[in-house]
Amino acid sequence: MTLRILGIGSSLRNNASSTIALSATLEIARKHGAETRLLDLKQTRLPLYDPTENQSAFEIKKVKDDVAWSDALILSTPDYHGSMSGAMKNFLDYFWAEFAGKTFGYICASHEKGLTAMDQMRTAVRQCYGWSMPYGVSISDSDDFTDGKMTSKLEYRLEMLARDLVVYGAILRQQFVNDMGSSDNTFASRYKKQS
Ligand SMILES: Cc1cc2nc3c(=O)[nH]c(=O)nc-3n(C[C@H](O)[C@H](O)[C@H](O)COP(=O)(O)O)c2cc1C
């Protein structure tokens, strides 16, 4: 299958390192045969999630269309207080069943490896029955960029993430889609109606 990967950039900073790295990862994924879209939350400003409000705003519809289109996602965030950015958490709050059976990769720009931020994104994804890649890519501005350009060491890590997500994401997605259409006792079969 041609895997459709949606990248979520969630820093509102100009020239954010997490979004630069995300764009590069999507570009590499395309070389591995994936189709990709970038959803940069700096450009597409989602209203603060409110379950009681009408969600017909143009931005919400666009984001929902992108998520429905995707087979796999990459969540990229700056480390804010050991956690993901508010923009990323707000994006995640809009979804639940739409994440089931999709594989997620993680990128975090941090001075401290961003492990707790990535763990919290994993927790949200697990709560929605998504799969997570077993590792994430941590970025440090000072070590991984020279004169605004990514170092080859960072590119090496992003190449691994892109390649692995295309390969494992397609296997897991294909199995999930097959299981959705089957009457076997699998967790995927309960998503028949939503997908
Ligand atoms: C509100 C705020 C909180 C932050 N908290 C942390 C933190 O807890 N740990 C850390 O390593 N860096 C922290 N940082 C630094 C950013 O994670 C770091 O500058 C990152 O590279 C920014 O990524 P970006 O270029 O994608 O925006 C914080 C920055 C801000 C603005």
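**Ligand surroundings and a helix pair**

A nitrogen atom of the ligand lies 2.9 Å from a polar backbone atom of His 81, a polar contact being a pair of N or O atoms within 3.5 Å. The protein covers 74% of the 640 Å² of accessible area that the ligand has on its own (Shrake-Rupley method, 1.4 Å probe). The model is predicted, with local features needing pLDDT of at least 70 and side-chain atom pairs pLDDT 80 or more, whereas totals for chains, interfaces and linings use all residues. Residues are numbered from 1 along each chain, and side-chain values use heavy atoms, without hydrogens and water.

Ligand
- A backbone N or O atom of Asp 79 is 2.6 Å from a ligand oxygen atom; for Ser 17, the corresponding distance to an oxygen atom of the ligand is 2.9 Å.
- Among the 15 residues around the ligand (a heavy atom within 4 Å), Ser 11, Arg 13, Ser 18, Asp 79 and Glu 112 come nearest.

Helices
- The axes (lines fitted to C-alpha atoms over the stretch in contact) of α1 (residues 17-31) and α6 (residues 152-180), both DSSP runs of H or I with at least four residues, come within 9 Å and cross at roughly 50 degrees.

Notes
Polar contact = N/O pair within 3.5 Å; in protein donor to acceptor, adjacent residues only side chain to side chain. Axes fitted to C-alpha atoms, helices over the stretch in contact; angles between N-to-C directions. Helix = DSSP H or I, 4+ residues; strand = E, 2+ residues; numbered from the N terminus.
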